[in-house]
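Keep the 3D view open and follow the points topic by topic.

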Amino acid sequence: MNKRVFFKKIFAILLISNFIKIKKITAKEKVTKSKEEWKKILTVEQYEVLRNEGTERAYTSALNDEKREGNYYCAGCNNKLFSSKMKYDSGTGWPSFFETYPDAFETSTDHKLVYPRTEYHCSKCDGHHGHVFDDGPKPTGKRYCNNGLVLKFVPEKIS
Ligand SMILES: [Zn+2]
C-alpha cells in the first residue's frame with residue numbers, strides 16, 4: 001500500500017466514524033419498558049392514555065387553566081414537549097397547543113372514529129398523548145389536543 005492510498009483509507013474511516021457519532025447524538029434515545037414496568041411508574045389513568053390510547057374526560061384537567069410560564073414534559077419519560085408560549089385556550093376542554101418542541105412527537109393515522117384522525121405519540125417512549133387537528137390558530141394552524149393527565153408541568157424560565 002502506498003502512502004496516498006493509506007491516508008485516503010484513514011480519511012474515509014475518520015469520516016465514517018464521525019458520521020456515526022453525529023447520528024448517535026441527534027437520534028432521541030428510546031425509552032422502552034414492559035407493561036409491568038409502566039404500571040409501576042404510571043397511575044391507572046395515565047397508563048390508560050399513554051399505553052392504550054385512552055382519552056381523559058373533557059374539562060377534567062387542571063392544566064386547562066394553567067397560564068404560568070414553564071414547560072410541559074411527558075409523564076412517562078420526561079421528554080420536553082411544549083412550552084407555555086405554545087399553549088392556547090381552544091375551548092375544547094383539553095390542554096391545547098399550536099406548536100411542539102422539535103422532534104417531540106411522531107404521528108400515525110387512527111381509524112377509531114368514522115373519520116381518520118392523526119394520533120401523535122412521544123418520540124422517546126412512544127406514549128400516546130392526543131390528536132392533532134388543522135383548526136388551530138396562526139401561524140401553524142395546528143391544534144395539538146393533549147390529555148392533561150400525561151403532561152407534567154414545570155414552572156420555569158423558557159428560552
Ligand atoms: Zn414520553
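Pro-139 sits in the loop that runs between strand 7 and strand 8. In this predicted model, the peptide bond between Lys-138 and Pro-139 is cis, with omega about 5 degrees.

**Strands 7 and 8**
- Strand 7 (residues 128-133) and strand 8 (residues 143-146) run antiparallel and are joined by four bridges.
- His-131 has Cys-145 of strand 8 as its bridge partner, while Val-132 stands opposite Tyr-144 in strand 8.
- On the other hand, strand 8 is also joined to strand 4, by two bridges, and these two strands run antiparallel.
- Here Phe-97 has Tyr-144 of strand 8 as its bridge partner.

**Which way the side chains of strand 8 point**
- In a regular strand, side chains alternate between the two faces of the sheet.
- From strand 8, Arg-143 and Cys-145 point one way, and Tyr-144 and Asn-146 point the other way.
- Arg-143, Tyr-144, Cys-145 and Asn-146 are all buried.

- The open sheet has six strands in the order 3-4-8-7-6-5, paired antiparallel.
- Strand 3 (87-88) and strand 5 (105-110) are at the edges with a single partner strand each, so one side of each has no neighbour in the sheet.

**Helix 3 and what covers it**
- Within helix 3 (residues 44-52), the residues Gln-46, Tyr-47, Val-49 and Leu-50 are buried.
- Helix 2 (35-41) and strand 7 are among the elements that cover these buried residues.

**Positive phi in two loops**
- Asn-78 lies in the loop between strand 1 (70-74) and strand 2 (80-83).
- Although Asn-78 is not a glycine, its phi is positive, at about 70 degrees.
- Asn-78 has 14 other C-beta atoms within 10 Å, so this residue counts as partly exposed.
- Asp-103 is in the loop between strand 4 (96-97) and strand 5.
- The phi of Asp-103 is also positive, near 60 degrees, in a residue other than glycine.
- Is Asp-103 buried or exposed? With 12 other C-beta atoms within 10 Å, Asp-103 is exposed, because the cut-off for that class is 12 or fewer.

Technical notes:
Residues are numbered from 1 along each chain as its sequence is written. This is a predicted model: local features need pLDDT of at least 70, side-chain atom pairs count only at pLDDT 80 or more; totals for chains, interfaces and linings use all residues. Two strands pair if DSSP finds at least two bridges between them. A residue is buried if 20 or more other C-beta atoms lie within 10 Å of its own, exposed if 12 or fewer, and partly exposed in between; C-beta atoms are placed from the backbone. Two residues are in contact if their C-beta atoms, placed from the backbone, lie within 7 Å.
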